[in-house]
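Okay, thanks for having me, everyone.

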Amino acid sequence: MSSPSKRREMDVMKLMMSDYTVETINDGLSEFNVEFHGPKESLYEGGVWKIRVELPDAYPYKSPSIGFVNKIFHPNVDELSGSVCLDVINQSWSPMFDLLNVFEVFLPQLLLYPNPSDPLNGDAASLMMKDRKLYDQKVKGSAALIWIRVLFLVGGFGSFTDMKFVL
């Protein structure tokens, strides 16, 4: 087993042994989903998101691909694809970082300190700059809606494919 493979296995195992729920895809360690809770004392507190992680063959020398699977209203997250605009992941990644850094530091900071001047979601960025109070309400509403959906699904009530919610 090569060094990047050992490191990938070690990092994924550390994540699995932490407080995160990790769901592997295709029984491998290259693609998986992680349950991520919004940071405490933030607009996203109470929200729960599924984060898709794809590890390249060259991980940890090349950064992981990180994206939100379910919707989140944030200037630096693409509304359609869930892609994340975060310099530390996309541009200044270092092999010194690991997956726990992504979930315990980088993603919480992204949600705590959105950057509307470098948006992937122009609507969120524009609203944040023009009407911060309305932006805050929309974020809190979407985080609460995500939490309601999680409770509903965990309770075994079905899916939301045919349901519409108005915020």
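I'll go from the overall layout to the strands, then the rings, and end with a cysteine and a serine.

Quick housekeeping. This is a predicted model, so to speak of local features we ask for pLDDT of at least 70, and side-chain atom pairs count only at pLDDT 80 or more, while totals for chains, interfaces and linings use all residues. Residues are numbered from 1 along each chain as its sequence is written, and side-chain values use heavy atoms, with hydrogens and water left out.

So, what are we looking at? The protein has five helices and four strands; helices are DSSP runs (H or I) of at least four residues, strands (E) of at least two, numbered from the N terminus. Reading from the N terminus, the order is α-β-β-β-β-α-α-α-α. Of the 167 residues, 41% are buried, where buried means under 20% relative accessible area, exposed means over 50%, and partly exposed is in between, using a 1.4 Å probe and protein chains only. Take the contacts (heavy atoms within 4.5 Å) between residues at least 6 apart in sequence: 53% of them join residues at least 24 apart.

Now the strands. Two strands pair if DSSP finds at least two bridges between them. Strand E1, residues 22-24, pairs antiparallel with strand E2, residues 31-37, over three bridges. Glu23 has Asn33 in E2 as its bridge partner. The hairpin of E1 and E2 has six residues between the strands, and there Asn26 takes a positive phi near 60 degrees. On we go: E2 is joined to strand E3, residues 48-54, by seven bridges, again antiparallel. Glu31 sits opposite Glu54 in E3.

How many aromatic pairs does a search of the whole structure find? Eight. Rings of Phe, Tyr and Trp (its six-membered ring) pair if their centres lie within 6.5 Å; planes under 30 degrees apart are stacked, over 60 edge-to-face, and the rest tilted. Look at Tyr44 and Trp49: the centres are 5.9 Å apart and the planes are at 65 degrees, so that pair is edge-to-face. Tyr44 is buried, at 1% relative accessible area, and Trp49 is buried too, at 1%.

Then there's Phe73 with Tyr135, a tilted pair with 5.8 Å between centres and 40 degrees between planes. Phe73 is in the loop between E4 and H2, and Tyr135 is in helix H5 (residues 132-154), so the pair ties together parts 62 residues apart in sequence. Both Phe73 and Tyr135 are buried. Lys138 lies over the face of Phe73, 4.6 Å from the ring centre; to count, NZ of Lys or CZ of Arg must be within 6 Å of the centre and within 35 degrees of the ring normal. Also, Tyr59, Trp93, Phe97 and Phe106 make up one aromatic cluster.

Next, the cysteine. Which residue does UniProt list as "active site"? The unreviewed entry puts that feature at Cys85, and such annotations may be inferred rather than shown by experiment. Cys85 is in the loop between strand E4 (65-68) and helix H2 (87-90). Cys85 is buried, at 18% relative accessible area. Leaving out residues up to four places away in sequence, Cys85 touches Asn76, Asn90, Leu110, Asp118 and Leu120.

Last stop: Ser126, in helix H4 (residues 122-130). Ser126 is partly exposed, at 25%. Ser126 and Pro75 are 51 residues apart in sequence, with 8.3 Å from C-alpha to C-alpha.
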